[in-house]
Amino acid sequence: MAERASLSTLSNLLAGRGVPMRAIEDAIARQVVHGSDMGTNLLEVGGVGEELLLAVLAEASGLEAAPLGSLPSSSHAALALVSADVAHQHGIVPLSLSGSVLKIAVAEPFASLDGLGLSASVTVEQIIAPL
């Protein structure tokens with residue numbers, strides 16, 4: 001399972017790819033005030049484009065990047081496994097169920113998915129996306 005990337009690791013990767021430190025600092029300040037994840041805050045302050053952000057988030061997290069643009073529509077089967085309350089509480093988007101593999105989009109990787117209340121027979125595949 002992917003480990004959560006530290007803020008300093010993410011910041012260093014972004015700076016190494018040419019994102020101005022001022023934009024990174026603005027995103028961190030916005031995160032403190034408004035919450036949400038670093039990626040979303042970087043997009044909100046205009047500090048980075050989505051393509052670069054997804055590449056850096058994937059590198060930092062070790063997860064596959066979500067497709068650019070809007071996330072694919074969630075399947076009914078995936079939505080049936082994860083309640084809206086649980087999805088909102090954990091900041092995830094259930095996307096699809098293929099056999100026993102549930103694909104979810106996450107803004108920050110989960111080391112443990114125990115809090116989602118899923119059956120032990122379900123394997124979870126995480127993809128990273130600014131949510």
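The model described here is predicted. Although Asp37 is buried, no salt bridge is found for this residue. The nearest side chain of opposite charge belongs to Arg30, at 8.8 Å.

Another is Thr40, whose side chain makes a polar contact of 2.8 Å with the side chain of Asp37. When neighbours within four places in sequence are set aside, Asp37 is in contact with Gln31, Ala107, Glu108, Pro130 and Leu131.

## Helix α3 and Leu42

Helix α3 covers residues 38-44 and contains Leu42. Is Leu42 buried or exposed? Its relative accessibility is 0%, and Leu42 therefore counts as buried.

Not counting residues up to four places away in sequence, Leu42 touches Leu14, Ala23, Ile24, Ala27, Gly47, Val48 and Leu53. Between Leu42 and Leu57 there are 12 Å from C-alpha to C-alpha, and the two residues are 15 residues apart in sequence.

## The nonpolar cores

Leu42 also belongs to the largest nonpolar core, which has 29 residues. Leu42 is among the residues with the most contacts inside this core, together with Leu10, Leu14, Ile92, Ile104 and Val106. At least two core residues come from each of α1 (7-16), α2, α3, α4 (50-61), α6 (84-90), β3 and β4 (123-128). The greatest contribution is that of α4, with five residues.

Strands of a sheet pair through backbone hydrogen bonds, in either a parallel or an antiparallel sense. Here, four strands form an open sheet in the order β1-β4-β3-β2, and their pairing is mixed. The edge strands are β1 (64-65) and β2, each of which pairs on one side only.

Two of the pairings are parallel. Strands β1 and β4 pair in this sense over two bridges, and Glu64 has Ile127 in β4 as its bridge partner. Strands β3 and β4 also run parallel, joined by six bridges. Within that pairing, Ile104 stands opposite Gln126 in β4.

How do strand β2 (residues 92-98) and strand β3 (residues 101-106) run, parallel or antiparallel? They run antiparallel and are joined by six bridges. Among the facing pairs, Ile92 stands opposite Val106 in β3, and Ser96 stands opposite Lys103 in β3.

Together, β2 and β3 form a hairpin with two residues between the strands. Gly99, in the turn, has a positive phi of about 65 degrees.

## Ile104

With residues up to four places away in sequence left out, Ile104 touches Ile92, Val93, Pro94, Leu95, Leu113, Leu116, Val124, Glu125, Gln126 and Ile127.

How values were computed
Residues are numbered from 1 along each chain as its sequence is written. This is a predicted model: local features need pLDDT of at least 70, side-chain atom pairs count only at pLDDT 80 or more; totals for chains, interfaces and linings use all residues. Side-chain values use heavy atoms; hydrogens and water are left out. Buried means under 20% relative accessible area, exposed over 50%, partly exposed in between (1.4 Å probe, protein chains only). Contact means heavy atoms within 4.5 Å. Two strands pair if DSSP finds at least two bridges between them. Lys and Arg count as positive and Asp and Glu as negative; His and the chain ends are not counted. A salt bridge is a side-chain nitrogen of Lys or Arg within 4 Å of a carboxyl oxygen of Asp or Glu. A polar contact is a pair of N or O atoms within 3.5 Å; within protein, one must be able to donate a hydrogen and the other to accept it, and residues adjacent in sequence count only if both atoms are side-chain atoms. A nonpolar core is a set of buried Ala, Val, Leu, Ile, Met, Phe, Trp, Tyr and Cys residues joined through side-chain atoms within 4.5 Å.
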